[in-house]
Amino acid sequence: MRYEGDIYRPPGEWKSYLLQCTVGCSNNTCTFCSMYKSKRYHVRPLEDVLEDIQMAQATWYKNTETVFLCDGDAINLPMDYLLTVLKALYDAFPHLRRVTTYAGPLSTLRKTPEELRIIREAGLQRTYLGVETGDDALLKHVHKGVGAEGMLRAGQTLVEAGFDLWAIIITGLEGGGREALERNAALTAQMINQMKPKHLSSMTLMAIEGTPLYQEVEEGKLTLQTPFETLLETRELVRQIDLSGLHYTSNHASNYLPIKCTLREDREKVMAELDDIIQKEDTSRLRDEMYRGL
């Protein structure tokens, strides 16, 4: 297939056909993210995307069940463009079950609730929203483009439009120290409880060379959490998130301890495991630094 630059997808989309509709991210200012810094954001010509679908159809006609729309934020596409692509995908692949994409908070808020409902009914079922944190000041500090109010409104709007919302948060954005992590966990859990996604993934902050956040670490303005501080923040999130049936994962390559569970149902079991590792400072059960990555 034809792709411009490096392509990124959520871990759960590893089986999906990756269709690049936009190049780069429409926001692309987050201080912790290095994914799209080498790209100038633009929308690919619609005829090129439709040709890509035809090429994929010739090869994967019967085997394509899921499609992920790249790059960073296909929800930002114009309505006619996005609806044309969705129709072409469902026409091309008879066994297609699901089309998904990242959703930026700003681009989500630019769409009306009715537009989002139309997109959902046209077959874009799941959106991945980088919530990152529930802390208003921290969202602004990392240049997410919205504060806590805007982030919550974006998530709730997607849920109300019928999307299968997958929220993504990052532990450690606030740096080290128990007081800071407890505050961030409380604010983030509060936002998730109000947003009510069906899925929640937690990643662990990694300072990537070349990003503004990396520079903060180098200059001593931000202290990265220890592995056990990260686990303590995860414990507080698990304790305070109060949604039944929430699919929760903390098994990204950046995480020290893989977790996959259902909240509230598995809360006590997960907290007991975290408590045991934290109290014993048992590094043998944690992912080694050399195997962590983004």
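This is a predicted model: local features need pLDDT of at least 70, side-chain atom pairs count only at pLDDT 80 or more; totals for chains, interfaces and linings use all residues.
Residues are numbered from 1 along each chain as its sequence is written, and side-chain values use heavy atoms, with hydrogens and water left out.

Back to N28, then. With a relative accessibility of 21%, N28 counts as partly exposed. On this scale buried means under 20% relative accessible area, exposed means over 50%, and partly exposed is in between, using a 1.4 Å probe and protein chains only.

E132 also belongs in this part of the talk. Its phi is positive too, at about 70°, and E132 is not a glycine. You will find E132 in strand β6, residues 124–132. Is E132 buried or exposed? With a relative accessible area of 7%, E132 is buried.

While we are on the backbone, let me show you the cis peptide bonds. The bond from C70 to D71 is cis, with omega near 5°. D71 falls in the loop between β4 (66–70) and α2. The bond from L263 to R264 is cis as well, with omega near 5°. R264 belongs to the loop between β10 (260–263) and α10.

Now please zoom out to the whole chain. How many helices and strands does the chain have? The secondary structure comes to 10 helices and 10 strands. Along the principal axes, the C-alpha atoms fill a box of roughly 55 × 40 × 35 Å. For 294 residues, a compact globule would have a radius of gyration near 19 Å, and the chain agrees with that, at 19 Å. That radius is taken over C-alpha atoms, and the globule rule is 2.2 Å times the number of residues to the power 0.38. Of the 294 residues, 52% count as buried.

What share of the contacts with a separation of 6 or more comes from residues 24 or more positions apart? The share is 77%. A contact, here and below, means heavy atoms within 4.5 Å.

Next, the helix pairs. Helix α9 (residues 227–240) packs with helix α10 (residues 267–280) at an angle of about 160°, their axes 10 Å apart. The axes are lines fitted to C-alpha atoms, for helices over the stretch in contact, and angles run from 0 to 180 degrees between N-to-C directions. The two helices are therefore roughly antiparallel to each other. For that wording, angles under 35 degrees count as roughly parallel, over 145 as roughly antiparallel, 65 to 115 as roughly perpendicular, and the rest as oblique.

Which residues make the contact? On the α9 side they are F228, L231, L232, T234, R235, V238 and R239, and α10 brings R267, V270, M271, L274, D275, I277 and I278. Sorted by class, this contact has 9 nonpolar, 1 polar and 4 charged residues. In that sorting Ala, Val, Leu, Ile, Met, Phe, Trp, Tyr, Cys and Pro are nonpolar, Asp, Glu, Lys and Arg are charged, and the others, Gly among them, are polar.

Another pair to look at is α2 (residues 79–92) and α4 (residues 113–121), which pack at about 15° with axes 10 Å apart. That angle makes α2 roughly parallel to α4. In this contact M79, L82, L83 and L86 of α2 meet E115, I118 and I119 of α4. The classes here are 6 nonpolar, no polar and 1 charged.

L187 lies in helix α7, residues 178–195, and is partly exposed at 22% relative accessible area. Leaving out residues up to four places away in sequence, L187 touches G134 and D135. L187 and N251 are 64 residues apart in sequence, and 22 Å apart in space, C-alpha to C-alpha.

T249 has its place in strand β9, residues 246–249, and is buried, with a relative accessible area of 6%. What does T249 touch, not counting residues up to four places away in sequence? Its partners are W166, L200, S201, S202, I259 and K260.

How values were computed
Helices (H or I, at least four residues) and strands (E, at least two) are DSSP runs, numbered from the N terminus.
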